[in-house]
Amino acid sequence: MSQTIDWSDEYLVRLDEIDVQHKRMAEMINNILIASYKHRPKEELLETMEVFLKYVKWHFQSEELIMKMYDYPDFSEHRDEHVVLINNLLDKKMEMERKNLSANNLYSFFFGWFGGHAFSSDKAMAPFISKSITRL
Ligand SMILES: [Fe+2]
Ligand SMILES: [Fe+2]
């Protein structure tokens, strides 16, 4: 059975701009997973991964800009996490280049990666930003 990331309200951090981007990220991950389930050529899989990486980098930059704008106290820890998350993706991309990874392998990786990102530091940061916005 082919598994993808089912978007649910549990993923929401309640900041519209970030939620829209996270939703797009989930869609892009699903594109990679579907390509894998359909046994598309490796080049196509790596291309979708490359597009995803670019989007993630842009997303992290926009989060970092928001955090800086509102003087978020845990900015540097959050930025460090982004660096680790990008490195995890780069490692996975290298592994995908070297081996033919199963769709289940990719699903476990991306499910953990996405949940780890959206559920941890982003959920902690969003209420601070929301409060700062309403105070303006
Ligand atoms: Fe995020
Ligand atoms: Fe983040």
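Helix H5 comprises residues 121-135, and its 15 residues reach 22 Å from the first C-alpha to the last, close to the 21 Å expected at 1.5 Å a residue, where the expected span is 1.5 Å times one less than the number of residues. The structure is a predicted model, in which local features need pLDDT of at least 70 and side-chain atom pairs count only at pLDDT 80 or more, while totals for chains, interfaces and linings use all residues. Residues are numbered from 1 along each chain as its sequence is written, and chains are lettered from A and ligands numbered from 1 in the order in which they are written.

Ser121, Met125 and Ile129 are the buried residues of H5 (buried: 20 or more other C-beta atoms within 10 Å of the residue's own, with C-beta atoms placed from the backbone; exposed: 12 or fewer; partly exposed: in between). Seen down the axis of H5, these residues fall within an arc of 40 degrees, so they line one face of the helix, the arc being that of the directions from the helix axis to the C-beta atoms. An α-helix has 3.6 residues a turn, so residues three or four places apart point the same way. On the other side of H5, Pro127, Lys131, Thr134 and Arg135 are exposed. The buried residues of H5 pack against helix H2 (42-69) and helix H3 (75-98), contact being defined by C-beta atoms, placed from the backbone, that lie within 7 Å.

The chain as a whole has five helices and zero strands, with helices (H or I, at least four residues) and strands (E, at least two) taken as DSSP runs numbered from the N terminus. Of its 136 residues, 18% count as buried.

Terms used. Contact = placed C-beta atoms within 7 Å.
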